[in-house]
Amino acid sequence: MDFKELVRRNRSYRGFDETRRIAREELIELAELARLCPSSVNKQPLKYHLACEKEVVDKIQKETKWARALPELDLPHQGMCPTAFIVICQDTRIDESLSRYQRDVGIVAQTMLLGAVDKGLGGCMIGNFGAASIKEVLGLPDDLVPMLIIGLGKPAEKVVLTEIEDGESTAYHRDEQDVHYVPKRKLEDILL
């Protein structure tokens, strides 16, 4: 598939086929993509906790909150949780400034998600979690700070991109059939 189609298929999925387990080797391949990404002043302070064992995945899932814009829904639905997680952490022994490397976090997360789509998988960046509780659940040392979590699996939901007029709401929503709609501004409305 061409790059634009790869980007188009890279949605924030919140429903997965739990029968498709993700192997540790697949997560290592995604971490390898992250390793190759640029890093601010080439410090490379990010490290990755890979979780594909069901008991660890279940523990991480309990500590995350999904789809903040849809508080009336409990997502992912029962039986549609991710089958793996990558917890992106910053090693404060390399650099203590957490804000300086936020761009790096975004770059590696997007790169890993594009790699997942290339494998027929999908995922979601999750920023709504308690760093202290994730550290405790995973037994991370004090110098590793969880910055972002990526939930991964085989997508089992429909996500539809829609174009909106300038000034219309960008809020995502779901219909009665649980189809997830993501409004996108038109190209001409984002160009200066």
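I began with helix 5, whose face turned away from its buried side carries the exposed residues Ala132 and Glu136. Helices (H or I, at least four residues) and strands (E, at least two) are DSSP runs, numbered from the N terminus.

I note here that this is a predicted model, in which local features need pLDDT of at least 70 and side-chain atom pairs count only at pLDDT 80 or more, while totals for chains, interfaces and linings use all residues. Residues are numbered from 1 along each chain as its sequence is written, and side-chain values use heavy atoms, with hydrogens and water left out.

**Helix 5, the buried side**

Which residues of helix 5 are buried? I found Ile134, Lys135 and Leu138 in that state, within a helix that covers residues 131-138. Looking down the axis of helix 5, I saw that its buried residues fall within an arc of 100°, so they line one face of the helix; the arc is that of the directions from the helix axis to the C-beta atoms. I then looked up what covers these buried residues, and the list includes strand 2 (46-51), helix 3 (54-62), strand 3 (84-91) and strand 5 (144-155), where contact means heavy atoms within 4.5 Å. Just after helix 5 I came to Gly139, which takes a positive phi of about 65°.

**Salt bridges**

Next I searched the whole structure for salt bridges, and the count came to 13. I counted a salt bridge where a side-chain nitrogen of Lys or Arg lies within 4 Å of a carboxyl oxygen of Asp or Glu. Side chains of opposite charge can pair when their charged atoms come close.

In helix 1 (residues 3-9) I looked at Arg8 and Glu5, which lie three residues apart, about one turn of the helix, and form a salt bridge with the closest N and O atoms 3.7 Å apart. Arg8 is partly exposed, with a relative accessible area of 41%, and Glu5 is partly exposed as well, at 26%.

The next pair I looked up was Glu26 and Arg20, whose side chains meet in a salt bridge of 2.8 Å, N to O. Are these two partners buried or partly exposed? Glu26 counts as buried because its relative accessibility is 16%, whereas Arg20, at 24%, counts as partly exposed.

In helix 2 (residues 24-35) I found Arg35 and Glu32, again three residues apart, about one turn of the helix. An α-helix has 3.6 residues a turn, so residues three or four places apart point the same way. The salt bridge of Arg35 with Glu32 has its closest N and O atoms 2.7 Å apart, and Glu32 is partly exposed, with a relative accessible area of 35%. I also noted that salt bridges with shared partners join Lys47, Asp91, Arg93 and Asp143 into one network.

**An aromatic pair**

I then looked for aromatic pairs and found that the structure holds one. Phe16 and Trp66 form this edge-to-face pair, with 6.4 Å from centre to centre and 70° between the planes. Rings of Phe, Tyr and Trp (its six-membered ring) pair if their centres lie within 6.5 Å, and planes under 30 degrees apart count as stacked, over 60 as edge-to-face and the rest as tilted. The pair links distant parts of the chain, since Phe16 is in strand 1 (residues 16-17) and Trp66 is in the loop between helix 3 and strand 3, 50 residues apart. Both Phe16 and Trp66 are buried.

In the loop between helix 3 and strand 3 I also looked up Ala67, which is buried, with a relative accessible area of 9%. Leaving aside residues up to four places away in sequence, Ala67 touches Arg14, Leu75 and Tyr172.

**The whole chain**

Last, I turned to the protein chain, which has six helices and eight strands. From the N terminus on, its elements run α-β-α-β-α-β-α-β-α-β-β-β-β-α. Buried residues make up 43% of its 192 residues, and of the contacts with a separation of 6 or more, residues 24 or more positions apart account for 75%. The C-alpha trace spans about 45 × 45 × 35 Å along its principal axes.

Conventions. Buried means under 20% relative accessible area, exposed over 50%, partly exposed in between (1.4 Å probe, protein chains only).
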